[in-house]
Amino acid sequence: MTRVSRGISLEEWEEKTKLGEKQKQSVYDIQDACAELPLPSNWYLGDRLLGSPSIGTPDHIQPVSPFNAHALSSRLLGTLKHNLSTADLLAEATAADTAAEKNGAHAIGSEKPIESLQEFYDWFSGIENEMEKGQEDVYRNHLSMVEYYRQACDDFLEDLKVTCELFDDLEKDYSFVDLRTRSLQTACETLLEEEDRLTRLADGLAERLAYFNQLEPIAKLFNSPGDDICLNEEFIPMLTKLDECIQYMQDHHEYRDSELYLMRFRQCMTKGITLIKMYVVSTLKNLGYEVYKQVNTKDATLGKQMTMYYVKFKTIASTIKSLTVQVEKRCEGHKEYQSLYEDMLQAYFQTRQQLLSPLISKKIQQLGPNDKDLLGFAKNGCAYMMSLCSDEYNLFYNFFQKAGEQELYNYLDLLTSYLYDYLRPRIIHENDITTLSELCNVFMMYVMQDENDFAIGVVEDKNEVKFGHLIQNVMEDAQGRLVFRSQMFIHNDIQNYQPKPQDFEITRSKEKVEGEERQKSSVVLDATASATLKIEEDNSSDTQSIQSSRSNLPSDTNHGWFPTLQKTLWILSKLYRCVQTGVFEDLAQEAVSLCNESLQRASETVTNLKSRLDGELFLIKNLLVLKEQLAPFEANLVHAGKTLDFSHVTGSLSSFQQQKSFMFNPNALIGLAQRGMPRVVEVSLDSRREIDFQIKRVCEEFINHCVNSCVEPLTAFLIKLSAILPAAVATKINDDKSITIQKLSARDVQEAIDQFREAVEERIKFVTRKLGDYINDYKMEQILMKPIETSIIEEYRSFLTRVQIESKEEGRIQKMDTPPMSTESIAVWISQLKDQ
């Protein structure tokens, strides 16, 4: 067993000698067979032979050897069905002896019959030895089998050791091969990585050198002979490659000779753009000269000329634009390219101007043969120039892109200057305000169209020329002339207007439509008896509302308006939307203020010529008209200015004179200079508020005047009553004398009431008639009459209250048998009287 002990563990053995399923099954079969070892076969057969002499040793029984142990074991297992005990062996031996005796000597295995005792002893000793030997054969066979098994195990262990050694050698060889294989793989991978690196390096070098290598073919193409090199199919792609090369050199300035190549690439770019510029300029000039020769022929009509001016140019537009676009997109950040692009623009505009200048001059002369019709000429001239500018605008964008828009408008402004040069002297010498206003409207229409397009976001439309910008100078001249003439008109016809007697006559028909609700305007007096004007406009636009007031001055006399009012509204209608808002507000504020002053003076004149009531109604009527007609004008009629305030100067001088001791004191003189300096005060004058204030004031005066004239008998009675001493006072004064206390009679009260009714009836009818003459507006008449009626009733109520108080025992009026007319009755009577 010492041979089994080796330097290997059971786990390693199991790991290295893994058996398959078939091998494991064989081991299990051997294990089952060796679980109970059988007796040796020779021992059993020997006993039988000894007990049965007749049975010889058969030939078919094979000797047991270690080499057929498995067969022996199988036969033993098949023969012996159970374990043999000692008693069974003896019984069987006895039976064998009995049989041996019957079978004879041959059966007992003797070669010859036993004849003597010595032979018997020999035979018996032989048999005895065989029996002993037969008993020991089982153990000898088992020992030999064990030895065989041990030898087999030793051989197996030896073979296993050899196998392990072979496996160790195989493992070493495998490790060696694996190491070499890995080394080879690592070497191959290193070589592949190096190959990839070198390939990438070569590709990177080729990619970088590609930009450097572009210089030669680009320079060769740009230096080719001919004027139309830029029309070559490879020209524009070469420009794109040039952009890439220049950008690459700028991004990699650390490369060797990158600055040199960058300089050469830029030189090539400048050369290419110069070639484009030379071709474009020469092509435009040649085409312009060709068109000029064709339009100057005798049979060239105006239509043919226009065709030549535009169709010929459009035939080359696509080719030129493909080149100009290349220049334009490279102009940013490069002044030299921008200069070349401007040279192309200048050549284009110069060519077009030389062709169109004679045509424009001729057309303008045809449009303006009559110098008197300035408005018609301006309309036709603007329409023609707008059409021409629109055509030029569209033609320009057939050649160029948006970059030259400013130069385009400068060119169009130059074309429009022909119309401006013809219009300006006529506008300067034009004195008719209506004509100037219409001219401003014509020009403003184009300007407003551009502003509306900008307001709604139409700012990138290349098909629309902003013509309002081109006629800005003409419009400013017309506006300036209109403002000047308007200022002269305001100064001469409003501020310095001398009224005539017929200006104060009432020129309206006597027909009065009672109950008619006028929707044009209404005046509402609030709770404080102030009058304000409320305009109820329909859905018409502001332009229509203003247009209704733009009537000629002679036709306005039918309304009975004062001339300065007519002229103020007329001049405002001519200025509105024709000048800037700030200018209009200043002129409108000045005109309205002067008109208000003229109306105040005219009201005083009417008061002197007719009556106070006529003067007040005249002023109310004209102020209401002025307020109503100013409502559609969307303007802030506020004048903000600065003036000097000398109010505190007088007080400072007075205090200084009172303190004569400080007269020669330098500090006092300095203090006087500081305190006595006039102050600059900001003054804000709102013409609309001023009109409202004047309307309120004159309405209050009118109402108070009417009420006072109606209640004058009541006032006289109350004054007379006040002159009589009350009874208590008279008694106290004349305590010792018996006097008669004076009292007014009921007849005096009734006479005062009758006179009051007569005055009210007369004044109400008179005022109603005057309102119809001046105002001629039922709603306005009711508004003015309502506070008069209310005030009269309140005065009568106060009168009745006083009469009732004084009619008591100690009062100054005798007791009345018949009560006077009640306040409600007076109110009903006045209402009926007013409706008559």
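Residues 24 or more positions apart account for 79% of the protein's contacts with a separation of 6 or more, a contact being heavy atoms within 4.5 Å. This is a predicted model, in which local features need pLDDT of at least 70 and side-chain atom pairs count only at pLDDT 80 or more, while totals for chains, interfaces and linings use all residues. Residues are numbered from 1 along each chain as its sequence is written, and side-chain values use heavy atoms, with hydrogens and water left out.

**Overall make-up**

- The protein has 30 helices and four strands. Both are DSSP runs numbered from the N terminus: helices are H or I with at least four residues, strands are E with at least two.
- Of its 836 residues, 36% count as buried. Buried means under 20% relative accessible area, exposed means over 50%, and partly exposed lies in between (1.4 Å probe, protein chains only).

**Nonpolar core**

- The largest nonpolar core holds 169 residues. Such a core is a set of buried Ala, Val, Leu, Ile, Met, Phe, Trp, Tyr and Cys residues joined through side-chain atoms within 4.5 Å.
- Phe-222, Phe-443 and Phe-702 touch the most other members of this core.
- Leaving aside residues up to four places away in sequence, Phe-222 touches Ile-229, Phe-235, Met-238, Leu-239, Leu-242, Cys-268, Lys-271, Gly-272 and Leu-275.

**Packing of H25 on H28**

- Helix H25 (residues 687-710) packs against helix H28 (residues 746-774) at an angle of about 150°, and their axes are 8 Å apart. That makes H25 roughly antiparallel to H28.
- Axes are lines fitted to C-alpha atoms, for helices over the stretch in contact, and angles run from 0 to 180 degrees between N-to-C directions. Angles under 35 degrees count as roughly parallel, over 145 as roughly antiparallel, 65 to 115 as roughly perpendicular, and the rest as oblique.
- On the H25 side, the contact involves Phe-702, Cys-706, Ser-709 and Cys-710. On the H28 side, the partners are Phe-756, Ala-759, Val-760, Arg-763, Val-767 and Leu-771.
- The residues of this contact divide into eight nonpolar, one polar and one charged. Here Ala, Val, Leu, Ile, Met, Phe, Trp, Tyr, Cys and Pro count as nonpolar, Asp, Glu, Lys and Arg as charged, and the others, Gly among them, as polar.

**Cysteines**

- A search of the whole structure finds zero disulfides, a disulfide being a pair of cysteine sulfur atoms within 2.5 Å.
- Cys-245 is buried, at 2% relative accessibility. The closest cysteine sulfur to that of Cys-245 is in Cys-268, 9.5 Å away, which is too far for a bond.
- Cys-164 also counts as buried, at 6% relative accessibility.
- Cys-578 sits in the loop between H20 and H21. Its relative accessible area is 0%, so Cys-578 is buried.
- Not counting residues up to four places away in sequence, Cys-578 touches Ser-437, Cys-440, Asn-441, Met-444, Gln-479 and Leu-482. Cys-578 and Asn-441 are 137 residues apart in sequence, and their C-alpha atoms are 5.8 Å apart.

- Asp-257 is a residue other than glycine with a positive phi, near 60°. Asp-257 lies in the loop between helix H9 (235-251) and helix H10 (258-295). With 42% relative accessibility, Asp-257 counts as partly exposed.
- Arg-577 is not a glycine either, yet its phi is positive, at about 65°. Arg-577 is in the loop between helix H20 (563-575) and helix H21 (581-609). Its relative accessible area is 39%, so Arg-577 is partly exposed.

- Lys-765 belongs to helix H28. Lys-765 is partly exposed, with a relative accessible area of 39%. Lys-765 and Leu-833 are 68 residues apart along the chain, with 7.9 Å between their C-alpha atoms.
- Arg-797 belongs to helix H29 (residues 778-806). Arg-797 counts as partly exposed at 34% relative accessibility. Arg-797 and Ser-822 are 25 residues apart along the chain, and their C-alpha atoms are separated by 8.2 Å.
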